[in-house]
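Here is a short note to read with the model open beside you. Take the points one at a time and find each residue as you go.

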Amino acid sequence: MSRRRRATHRPTVPDVRYSSTLVTHLINVIMKSGKRTLAERIVYGAFERVSEKLQKGDPVDLLMGAMENARPKLEVKSRRVGGATYQVPVEISFERQESLALRWIVDAANGRKGIPMREAIAAEIIDAYNNTGSVVKKKEEMHKMAQANRAFAHLRW
């Protein structure tokens, strides 16, 4: 990791259909080898499937609800003190919470074999919205780990 200077944060352009920066972020996480139109087709197809299944209205609001249940508040970082390595619990910024949750949703969807990606993404969003599934389990695991290591919180930097 470079110690020269912090990376400048470029503003995210909202997506065309829903004019949401969160949807753009999801498209960027799904995109492989610069194939944006394929990633957009996957995301928009998943949103259609989600709104069909849940029948609660705007799919962006459903994604926001899923993100609320999937976003971790704490994480553990390794900190080396006096020859020993400690797992120190640290609070996470909102941007990192969002990117971790989106990455977990996409990774869990990739883990579902035998179904198309748009259906897998839709299923993961629905599971996260209903506060079930592997993404929410991963978040709770991370919080459990931070809770178990809270004795080392004084080593926070």
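The points below go through a hairpin, a helix and some salt bridges.

1. **What kind of model this is.** Please keep in mind that you are looking at a predicted model. Every distance and percentage below was computed from that model.

2. Start with strand β1, residues 74–81, and strand β2, residues 84–91. The two run antiparallel to each other and pair over 8 bridges. To find your way across the pair, look for Val-76 in β1, which has Pro-89 of β2 opposite. The hairpin has 2 residues between its strands, and Gly-82 adopts a positive phi near 55°. As background, side chains in a regular strand alternate between the two faces of the sheet.

3. Now turn to helix α1, residues 21–30. Which of its residues are buried? They are Leu-22, Val-23, Thr-24, Leu-26, Ile-27 and Ile-30. Among the elements that cover them are α2 (36–54), α3 (59–70), α4 (94–111) and α5 (117–129). At the start of α1, look also at Ser-20: one of its side-chain oxygens comes to within 3.2 Å of the backbone nitrogen of Leu-22.

4. The whole structure holds 7 salt bridges, and one of them joins Arg-49 to Glu-52, with their closest N and O atoms 3.7 Å apart. Both residues belong to helix α2 and sit 3 residues apart, about one turn of the helix. Arg-49 is partly exposed at 28% relative accessible area, and Glu-52 is partly exposed as well, at 49%. This pair is also part of a network of salt bridges that links Arg-49, Glu-52 and Glu-119.

5. Is Arg-71 buried or exposed? With a relative accessibility of 8%, Arg-71 counts as buried, because the cut-off for buried is under 20%. Its salt-bridge partner is Glu-68, and the closest N and O atoms are 3.4 Å apart. Glu-68 counts as partly exposed, at 43% relative accessibility.

6. **A link across the sequence.** Finally, find the salt bridge between Arg-112 and Asp-127, where the closest N and O atoms are 2.8 Å apart. Arg-112 lies in the loop between α4 and α5, while Asp-127 lies in helix α5, so this pair ties together parts that are 15 residues apart in sequence. Arg-112 is partly exposed, with a relative accessible area of 29%.

Terms used: Residues numbered from 1 in each chain as written. Predicted model: local features only at pLDDT ≥ 70, side-chain atom pairs only at ≥ 80, totals over all residues. Heavy atoms only, no water. Pairing = 2+ DSSP bridges. Helix = DSSP H or I, 4+ residues; strand = E, 2+ residues; numbered from the N terminus. Buried < 20%, exposed > 50% of the residue type's maximum accessible area, 1.4 Å probe, protein only. Contact = heavy atoms within 4.5 Å. Polar contact = N/O pair within 3.5 Å; in protein donor to acceptor, adjacent residues only side chain to side chain. Salt bridge = Lys/Arg side-chain N within 4 Å of Asp/Glu carboxyl O.
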